Amino acid sequence: MTPVIVAGGGIGGLAAALGLARAGRRVVVLERSEQFRELGAGIQLGPNAFRAMSRLGIGELPYRCAVFIEELRLLDAVGGGVLARLSLGERFRSRFGAPYAVVHRGELHRALLEACRSAGITLRPGCAVERYEQDGDGVRVFLAGGESLTGSALVGADGLHSAVRLQLAGDGPPTVSGHVTYRSLIPSDRMPEALRKPAAMLWAGPQCHLVHYPLVGGAFYNAVITCDSGATEAVSGEPVGADEVARQFAAVGPGARSLVEAGSDWRRWVLCDRPPLRNWQDGRVVLLGDAAHPMLQYAAQGACMALEDAASLGGHVEGGSADPTEAFARYVADRRDRTARVQTVSRRLGKELYHPRGLEAEARDSMLAALDESALHHEMSWLYEH
(Lines give C-alpha, C1' and ligand atoms only; values in the text may rest on other atoms or scores of the structure.)
Protein backbone atom coordinates (compact mmCIF):
# COMPACT_ATOMS: atom_id res chain seq x y z
CA MET A 1 0.00 0.00 0.00
CA THR A 2 1.39 3.39 -1.01
CA PRO A 3 1.61 5.54 2.13
CA VAL A 4 0.02 8.84 2.95
CA ILE A 5 2.84 11.30 3.62
CA VAL A 6 2.47 13.74 6.51
CA ALA A 7 4.77 16.77 6.43
CA GLY A 8 5.45 17.88 9.99
CA GLY A 9 6.02 15.94 13.18
CA GLY A 10 4.46 18.28 15.72
CA ILE A 11 1.28 17.64 17.68
CA GLY A 12 -0.94 18.17 14.62
CA GLY A 13 1.18 16.00 12.31
CA LEU A 14 1.43 13.10 14.76
CA ALA A 15 -2.30 13.29 15.54
CA ALA A 16 -3.06 13.32 11.79
CA ALA A 17 -0.88 10.25 11.33
CA LEU A 18 -2.76 8.44 14.09
CA GLY A 19 -6.11 9.37 12.55
CA LEU A 20 -5.02 8.11 9.13
CA ALA A 21 -3.56 4.90 10.58
CA ARG A 22 -6.82 4.32 12.45
CA ALA A 23 -8.57 4.72 9.07
CA GLY A 24 -6.47 1.86 7.71
CA ARG A 25 -3.84 3.87 5.83
CA ARG A 26 -0.11 3.35 5.87
CA VAL A 27 1.56 6.58 7.01
CA VAL A 28 5.01 8.18 6.82
CA VAL A 29 5.71 11.31 8.91
CA LEU A 30 8.49 13.63 7.72
CA GLU A 31 9.94 16.05 10.31
CA ARG A 32 12.35 18.80 9.25
CA SER A 33 14.28 18.80 12.56
CA GLU A 34 16.92 16.19 13.29
CA GLN A 35 14.74 14.77 16.05
CA PHE A 36 11.06 14.62 16.84
CA ARG A 37 10.50 17.17 19.58
CA GLU A 38 8.11 19.96 20.50
CA LEU A 39 9.25 23.46 21.46
CA GLY A 40 7.52 25.54 24.12
CA ALA A 41 6.05 24.67 27.48
CA GLY A 42 2.35 24.58 28.36
CA ILE A 43 -0.85 24.31 26.37
CA GLN A 44 -4.47 24.22 27.44
CA LEU A 45 -6.81 21.43 26.40
CA GLY A 46 -10.52 22.21 26.35
CA PRO A 47 -13.26 19.57 26.32
CA ASN A 48 -13.27 19.67 22.52
CA ALA A 49 -9.63 18.49 22.49
CA PHE A 50 -10.44 15.55 24.77
CA ARG A 51 -13.35 14.63 22.51
CA ALA A 52 -11.08 14.75 19.45
CA MET A 53 -8.47 12.54 21.10
CA SER A 54 -11.17 10.05 22.00
CA ARG A 55 -12.18 9.88 18.32
CA LEU A 56 -8.54 9.26 17.46
CA GLY A 57 -8.47 6.32 19.87
CA ILE A 58 -5.96 8.03 22.19
CA GLY A 59 -8.33 9.44 24.77
CA GLU A 60 -6.30 7.96 27.62
CA LEU A 61 -3.06 9.75 26.65
CA PRO A 62 -3.66 13.18 28.22
CA TYR A 63 -4.74 11.64 31.51
CA ARG A 64 -1.17 10.37 31.94
CA CYS A 65 0.49 13.78 31.67
CA ALA A 66 -2.14 16.52 32.13
CA VAL A 67 -2.91 18.63 35.18
CA PHE A 68 -6.66 18.89 35.74
CA ILE A 69 -6.95 22.40 37.12
CA GLU A 70 -9.94 23.43 39.20
CA GLU A 71 -10.70 26.90 37.86
CA LEU A 72 -10.24 29.51 35.16
CA ARG A 73 -9.79 32.93 36.75
CA LEU A 74 -9.57 36.36 35.08
CA LEU A 75 -8.08 39.18 37.16
CA ASP A 76 -7.32 42.87 36.78
CA ALA A 77 -3.56 43.11 36.24
CA VAL A 78 -3.43 46.63 37.68
CA GLY A 79 -5.84 46.58 40.62
CA GLY A 80 -5.66 42.84 41.34
CA GLY A 81 -9.42 42.25 41.62
CA VAL A 82 -11.15 39.16 40.23
CA LEU A 83 -13.13 39.98 37.06
CA ALA A 84 -14.54 36.50 36.40
CA ARG A 85 -14.05 32.92 37.51
CA LEU A 86 -15.29 29.61 36.18
CA SER A 87 -15.20 26.34 38.08
CA LEU A 88 -13.99 23.36 36.02
CA GLY A 89 -15.52 20.80 38.35
CA GLU A 90 -18.38 18.36 37.97
CA ARG A 91 -20.91 20.84 36.59
CA PHE A 92 -18.49 21.95 33.85
CA ARG A 93 -17.60 18.36 32.94
CA SER A 94 -21.24 17.36 32.88
CA ARG A 95 -22.19 20.28 30.62
CA PHE A 96 -19.40 19.74 28.11
CA GLY A 97 -18.92 15.99 28.39
CA ALA A 98 -15.19 16.18 29.05
CA PRO A 99 -12.70 17.92 31.36
CA TYR A 100 -10.43 20.93 30.96
CA ALA A 101 -6.70 20.47 31.56
CA VAL A 102 -3.25 21.94 31.04
CA VAL A 103 -0.28 19.93 29.87
CA HIS A 104 3.37 20.40 29.05
CA ARG A 105 3.61 20.47 25.27
CA GLY A 106 6.59 18.15 25.31
CA GLU A 107 4.79 15.54 27.43
CA LEU A 108 1.78 15.45 25.10
CA HIS A 109 4.08 15.27 22.08
CA ARG A 110 6.01 12.34 23.57
CA ALA A 111 2.75 10.51 24.27
CA LEU A 112 1.61 11.00 20.67
CA LEU A 113 5.03 9.89 19.41
CA GLU A 114 4.79 6.72 21.50
CA ALA A 115 1.32 6.04 20.09
CA CYS A 116 2.61 6.50 16.53
CA ARG A 117 5.40 4.01 17.11
CA SER A 118 2.94 1.52 18.58
CA ALA A 119 0.71 1.97 15.52
CA GLY A 120 3.56 1.11 13.14
CA ILE A 121 3.76 4.62 11.64
CA THR A 122 7.07 5.37 9.91
CA LEU A 123 8.79 8.39 11.52
CA ARG A 124 11.58 10.12 9.60
CA PRO A 125 13.41 13.08 11.18
CA GLY A 126 15.75 15.35 9.22
CA CYS A 127 13.39 15.44 6.23
CA ALA A 128 12.42 18.99 5.28
CA VAL A 129 9.68 19.07 2.64
CA GLU A 130 10.33 21.70 -0.01
CA ARG A 131 7.69 21.09 -2.68
CA TYR A 132 5.41 18.49 -4.25
CA GLU A 133 4.18 17.29 -7.62
CA GLN A 134 1.10 15.17 -8.24
CA ASP A 135 -0.79 13.31 -10.93
CA GLY A 136 -3.78 11.01 -11.00
CA ASP A 137 -1.89 8.21 -9.28
CA GLY A 138 -0.16 9.93 -6.38
CA VAL A 139 2.07 12.67 -5.00
CA ARG A 140 5.83 13.02 -5.19
CA VAL A 141 7.36 14.98 -2.31
CA PHE A 142 10.78 16.62 -2.75
CA LEU A 143 13.03 17.08 0.28
CA ALA A 144 15.91 19.42 1.00
CA GLY A 145 19.05 17.58 -0.08
CA GLY A 146 17.52 16.12 -3.22
CA GLU A 147 15.65 13.01 -2.03
CA SER A 148 12.05 12.45 -3.10
CA LEU A 149 9.28 10.15 -1.87
CA THR A 150 6.09 8.95 -3.49
CA GLY A 151 2.79 8.63 -1.65
CA SER A 152 -0.90 8.34 -2.33
CA ALA A 153 -1.47 11.75 -0.72
CA LEU A 154 0.25 14.53 1.21
CA VAL A 155 -0.97 16.19 4.43
CA GLY A 156 0.76 19.51 5.08
CA ALA A 157 1.01 19.78 8.86
CA ASP A 158 4.28 21.68 8.68
CA GLY A 159 3.29 24.63 10.81
CA LEU A 160 3.16 28.39 10.60
CA HIS A 161 5.83 28.64 7.88
CA SER A 162 4.47 25.72 5.88
CA ALA A 163 6.24 24.93 2.61
CA VAL A 164 3.19 22.91 1.55
CA ARG A 165 0.87 25.89 2.11
CA LEU A 166 3.24 28.22 0.27
CA GLN A 167 2.88 26.07 -2.86
CA LEU A 168 -0.81 25.26 -2.37
CA ALA A 169 -2.11 28.74 -1.49
CA GLY A 170 0.72 31.04 -2.59
CA ASP A 171 -0.19 33.59 0.08
CA GLY A 172 3.30 34.44 1.30
CA PRO A 173 4.52 34.79 4.88
CA PRO A 174 2.32 34.97 7.99
CA THR A 175 0.98 38.23 9.41
CA VAL A 176 3.04 39.73 12.25
CA SER A 177 0.56 40.75 14.96
CA GLY A 178 2.75 43.22 16.84
CA HIS A 179 2.18 41.23 20.05
CA VAL A 180 5.25 39.92 21.89
CA THR A 181 5.05 36.92 24.23
CA TYR A 182 7.61 36.08 26.90
CA ARG A 183 7.65 32.57 28.35
CA SER A 184 9.27 31.08 31.43
CA LEU A 185 8.90 27.74 33.23
CA ILE A 186 9.03 28.53 36.96
CA PRO A 187 9.71 25.88 39.65
CA SER A 188 6.80 25.83 42.08
CA ASP A 189 9.01 26.70 45.07
CA ARG A 190 9.87 29.98 43.35
CA MET A 191 6.27 30.93 42.64
CA PRO A 192 4.78 33.53 45.01
CA GLU A 193 2.55 31.71 47.46
CA ALA A 194 -0.51 33.75 46.46
CA LEU A 195 -0.12 32.52 42.86
CA ARG A 196 0.32 28.82 43.70
CA LYS A 197 -3.20 27.80 42.73
CA PRO A 198 -4.60 24.74 40.90
CA ALA A 199 -6.00 27.16 38.34
CA ALA A 200 -5.27 28.88 35.06
CA MET A 201 -5.00 32.53 36.12
CA LEU A 202 -5.08 35.32 33.56
CA TRP A 203 -4.26 38.91 34.48
CA ALA A 204 -5.69 41.39 31.95
CA GLY A 205 -4.02 44.79 31.72
CA PRO A 206 -3.66 47.79 29.43
CA GLN A 207 -2.19 46.43 26.19
CA CYS A 208 -0.84 43.39 28.05
CA HIS A 209 -1.83 40.24 29.89
CA LEU A 210 -0.18 37.54 31.98
CA VAL A 211 -1.12 33.84 32.27
CA HIS A 212 0.14 31.13 34.61
CA TYR A 213 -0.88 27.58 35.49
CA PRO A 214 0.74 24.45 36.97
CA LEU A 215 2.46 21.79 34.88
CA VAL A 216 4.19 18.43 35.40
CA GLY A 217 2.08 17.47 38.39
CA GLY A 218 2.45 20.94 39.91
CA ALA A 219 6.26 20.85 39.97
CA PHE A 220 6.43 23.87 37.64
CA TYR A 221 4.28 26.80 36.59
CA ASN A 222 4.04 27.90 33.00
CA ALA A 223 4.26 31.70 32.74
CA VAL A 224 3.18 33.30 29.46
CA ILE A 225 3.06 37.09 29.43
CA THR A 226 2.16 39.15 26.40
CA CYS A 227 2.23 42.82 25.44
CA ASP A 228 1.18 44.76 22.37
CA SER A 229 4.50 46.39 21.54
CA GLY A 230 4.00 47.00 17.82
CA ALA A 231 6.79 44.57 16.89
CA THR A 232 7.16 44.20 13.13
CA GLU A 233 9.51 41.22 12.72
CA ALA A 234 8.80 37.59 13.62
CA VAL A 235 10.93 36.15 16.44
CA SER A 236 10.75 32.60 17.80
CA GLY A 237 12.20 31.54 21.16
CA GLU A 238 14.87 34.24 21.45
CA PRO A 239 16.48 34.43 24.94
CA VAL A 240 15.98 37.81 26.64
CA GLY A 241 17.03 39.33 29.94
CA ALA A 242 14.73 39.76 32.92
CA ASP A 243 15.22 43.54 32.73
CA GLU A 244 13.48 43.68 29.33
CA VAL A 245 10.53 41.66 30.64
CA ALA A 246 10.21 43.84 33.75
CA ARG A 247 10.33 46.98 31.62
CA GLN A 248 7.53 45.80 29.34
CA PHE A 249 5.23 45.05 32.32
CA ALA A 250 6.12 47.95 34.60
CA ALA A 251 2.51 49.26 34.58
CA VAL A 252 0.93 46.17 36.19
CA GLY A 253 0.11 45.93 39.90
CA PRO A 254 2.04 44.02 42.57
CA GLY A 255 0.12 40.74 42.16
CA ALA A 256 0.88 40.41 38.46
CA ARG A 257 4.35 41.90 38.88
CA SER A 258 5.28 39.15 41.34
CA LEU A 259 4.91 36.64 38.47
CA VAL A 260 7.30 38.68 36.32
CA GLU A 261 9.82 38.80 39.16
CA ALA A 262 9.58 35.04 39.77
CA GLY A 263 10.46 34.11 36.19
CA SER A 264 13.92 33.52 34.76
CA ASP A 265 15.45 32.25 31.52
CA TRP A 266 12.81 34.16 29.60
CA ARG A 267 12.36 33.59 25.88
CA ARG A 268 10.56 35.88 23.45
CA TRP A 269 8.20 35.19 20.56
CA VAL A 270 6.57 37.72 18.25
CA LEU A 271 3.12 36.31 17.54
CA CYS A 272 1.97 35.71 13.97
CA ASP A 273 -1.21 34.42 12.39
CA ARG A 274 -2.99 34.52 9.05
CA PRO A 275 -6.47 35.47 7.89
CA PRO A 276 -8.79 32.50 7.30
CA LEU A 277 -8.07 30.53 4.13
CA ARG A 278 -10.98 29.19 2.11
CA ASN A 279 -9.14 26.54 0.11
CA TRP A 280 -6.93 24.06 1.96
CA GLN A 281 -6.83 21.44 -0.79
CA ASP A 282 -4.98 20.82 -4.02
CA GLY A 283 -6.19 17.44 -5.29
CA ARG A 284 -4.33 14.83 -3.25
CA VAL A 285 -2.72 17.48 -1.04
CA VAL A 286 -4.41 19.05 2.00
CA LEU A 287 -3.45 21.26 4.97
CA LEU A 288 -3.91 20.67 8.68
CA GLY A 289 -3.30 22.56 11.94
CA ASP A 290 -1.21 25.73 11.90
CA ALA A 291 -0.42 25.21 8.23
CA ALA A 292 -4.14 25.65 7.49
CA HIS A 293 -5.29 28.09 10.19
CA PRO A 294 -2.58 29.60 12.42
CA MET A 295 -4.17 31.64 15.19
CA LEU A 296 -3.20 33.91 18.04
CA GLN A 297 -3.09 32.30 21.47
CA TYR A 298 -5.99 34.19 23.06
CA ALA A 299 -8.61 31.44 22.77
CA ALA A 300 -6.09 28.76 23.83
CA GLN A 301 -7.22 26.65 20.88
CA GLY A 302 -4.26 26.20 18.53
CA ALA A 303 -3.46 22.62 19.56
CA CYS A 304 -7.14 21.85 20.13
CA MET A 305 -8.00 22.79 16.54
CA ALA A 306 -5.16 20.63 15.21
CA LEU A 307 -6.46 17.66 17.20
CA GLU A 308 -9.98 18.28 15.89
CA ASP A 309 -8.57 18.47 12.34
CA ALA A 310 -6.84 15.12 12.79
CA ALA A 311 -10.01 13.43 14.06
CA SER A 312 -12.05 14.89 11.20
CA LEU A 313 -9.48 13.93 8.56
CA GLY A 314 -9.26 10.34 9.76
CA GLY A 315 -13.02 10.03 9.91
CA HIS A 316 -13.51 11.25 6.34
CA VAL A 317 -10.71 9.09 4.93
CA GLU A 318 -11.89 5.92 6.68
CA GLY A 319 -13.56 3.49 4.31
CA GLY A 320 -12.81 5.63 1.26
CA SER A 321 -10.98 4.75 -1.94
CA ALA A 322 -7.21 4.89 -2.44
CA ASP A 323 -7.73 8.28 -4.12
CA PRO A 324 -8.39 10.60 -1.15
CA THR A 325 -9.51 13.62 -3.18
CA GLU A 326 -13.19 13.43 -2.23
CA ALA A 327 -12.43 12.60 1.40
CA PHE A 328 -10.10 15.62 1.60
CA ALA A 329 -12.82 17.86 0.14
CA ARG A 330 -15.28 16.66 2.81
CA TYR A 331 -12.69 17.25 5.51
CA VAL A 332 -12.05 20.83 4.36
CA ALA A 333 -15.79 21.55 4.18
CA ASP A 334 -16.16 20.13 7.70
CA ARG A 335 -13.35 22.21 9.23
CA ARG A 336 -13.05 25.46 7.28
CA ASP A 337 -15.80 27.59 8.85
CA ARG A 338 -15.20 26.43 12.41
CA THR A 339 -11.46 27.14 12.36
CA ALA A 340 -12.06 30.51 10.65
CA ARG A 341 -14.37 31.45 13.52
CA VAL A 342 -11.78 30.47 16.11
CA GLN A 343 -9.11 32.48 14.28
CA THR A 344 -11.36 35.54 14.24
CA VAL A 345 -12.43 35.15 17.88
CA SER A 346 -8.80 34.74 18.94
CA ARG A 347 -7.95 38.11 17.42
CA ARG A 348 -10.95 39.76 19.06
CA LEU A 349 -10.22 38.34 22.50
CA GLY A 350 -6.78 39.93 22.53
CA LYS A 351 -8.21 43.35 21.79
CA GLU A 352 -11.54 43.27 23.63
CA LEU A 353 -10.97 40.99 26.64
CA TYR A 354 -7.27 40.81 27.47
CA HIS A 355 -5.77 44.17 26.44
CA PRO A 356 -8.35 47.00 26.67
CA ARG A 357 -7.72 50.11 28.73
CA GLY A 358 -9.69 53.10 29.99
CA LEU A 359 -13.36 53.14 29.07
CA GLU A 360 -13.02 49.95 27.04
CA ALA A 361 -11.70 48.12 30.10
CA GLU A 362 -14.58 49.47 32.21
CA ALA A 363 -17.08 48.21 29.63
CA ARG A 364 -15.43 44.78 29.68
CA ASP A 365 -15.58 44.66 33.47
CA SER A 366 -19.30 45.52 33.46
CA MET A 367 -20.01 42.88 30.83
CA LEU A 368 -18.18 40.19 32.80
CA ALA A 369 -19.88 41.14 36.06
CA ALA A 370 -23.26 40.37 34.46
CA LEU A 371 -22.31 36.79 33.52
CA ASP A 372 -23.02 33.98 35.98
CA GLU A 373 -21.78 30.40 35.57
CA SER A 374 -24.69 29.36 33.34
CA ALA A 375 -24.14 32.38 31.11
CA LEU A 376 -20.42 31.61 30.82
CA HIS A 377 -21.25 28.02 29.87
CA HIS A 378 -23.60 29.31 27.20
CA GLU A 379 -20.94 31.66 25.78
CA MET A 380 -18.48 28.76 25.52
CA SER A 381 -20.88 26.15 24.18
CA TRP A 382 -20.15 26.72 20.47
CA LEU A 383 -16.50 25.99 21.13
CA TYR A 384 -16.47 23.25 23.74
CA GLU A 385 -19.52 21.22 22.69
CA HIS A 386 -18.25 20.61 19.15
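Helix α1 (residues 11-22) packs with helix α5 (residues 105-118) at an angle of about 25 degrees, and their axes are 10 Å apart. Axes are lines fitted to C-alpha atoms, for helices over the stretch in contact, and angles run from 0 to 180 degrees between N-to-C directions. Helices (H or I, at least four residues) and strands (E, at least two) are DSSP runs, numbered from the N terminus. The two helices α1 and α5 are therefore roughly parallel to each other. Angles under 35 degrees count as roughly parallel, over 145 as roughly antiparallel, 65 to 115 as roughly perpendicular and the rest as oblique.

The model is predicted: local features need pLDDT of at least 70, side-chain atom pairs count only at pLDDT 80 or more, and totals for chains, interfaces and linings use all residues. Residues are numbered from 1 along each chain as its sequence is written, and side-chain values use heavy atoms, with hydrogens and water left out.

The crossing of α1 and α5 is left-handed. A crossing has this hand if the near helix is turned anticlockwise from the far one by less than a right angle, and is right-handed if clockwise. On the α1 side, the contact (heavy atoms within 4.5 Å) is made by I11, L14, A17 and L18. On the α5 side, R105, L108, H109, L112, L113, A115 and C116 take part. By class, this contact of α1 with α5 has nine nonpolar, one polar and one charged residues. Ala, Val, Leu, Ile, Met, Phe, Trp, Tyr, Cys and Pro count as nonpolar, Asp, Glu, Lys and Arg as charged, and the others, Gly among them, as polar.

Helix α1 also meets helix α9. Their axes come within 8 Å and cross at roughly 25 degrees. That makes α1 roughly parallel to α9. Here the crossing is right-handed. I11, G12, A15, A16, G19 and L20 of α1 touch A306, L307, A310, L313, G314 and V317 of α9. These residues divide into nine nonpolar, three polar and no charged.

Helix α9 (residues 302-317) has a contact with helix α2 (residues 47-55) as well, with axes that come within 8 Å and cross at roughly 30 degrees. This makes α2 roughly parallel to α9. The crossing of α2 and α9 is left-handed. From α2 come N48, A49, A52, M53 and R55; from α9 come C304, M305, L307, E308, A311 and S312. Seven of the residues are nonpolar, two polar and two charged.

Eight strands form an open sheet with mixed pairing, in the order β5-β4-β13-β14-β15-β12-β17-β16. Strands pair if DSSP finds at least two bridges between them. β5 (82-87) and β16 (238-239) stand at the edges with a single partner strand each, so one side of each has no neighbour in the sheet. Two bridges join β16 to the antiparallel strand β17 (residues 267-273). In this pair, P239 stands opposite R267 of β17. Helix α10 (residues 325-354) lies across β4 (71-76), β13 (199-205), β14 (208-215) and β17, and runs at about 70 degrees to β13.

Another open sheet has three strands in the order β8-β9-β10, with antiparallel pairing. The twist averages 25 degrees from one strand to the next. Strand β9 (residues 139-143) pairs with β10 over four bridges, and R140 stands opposite T150 in β10.
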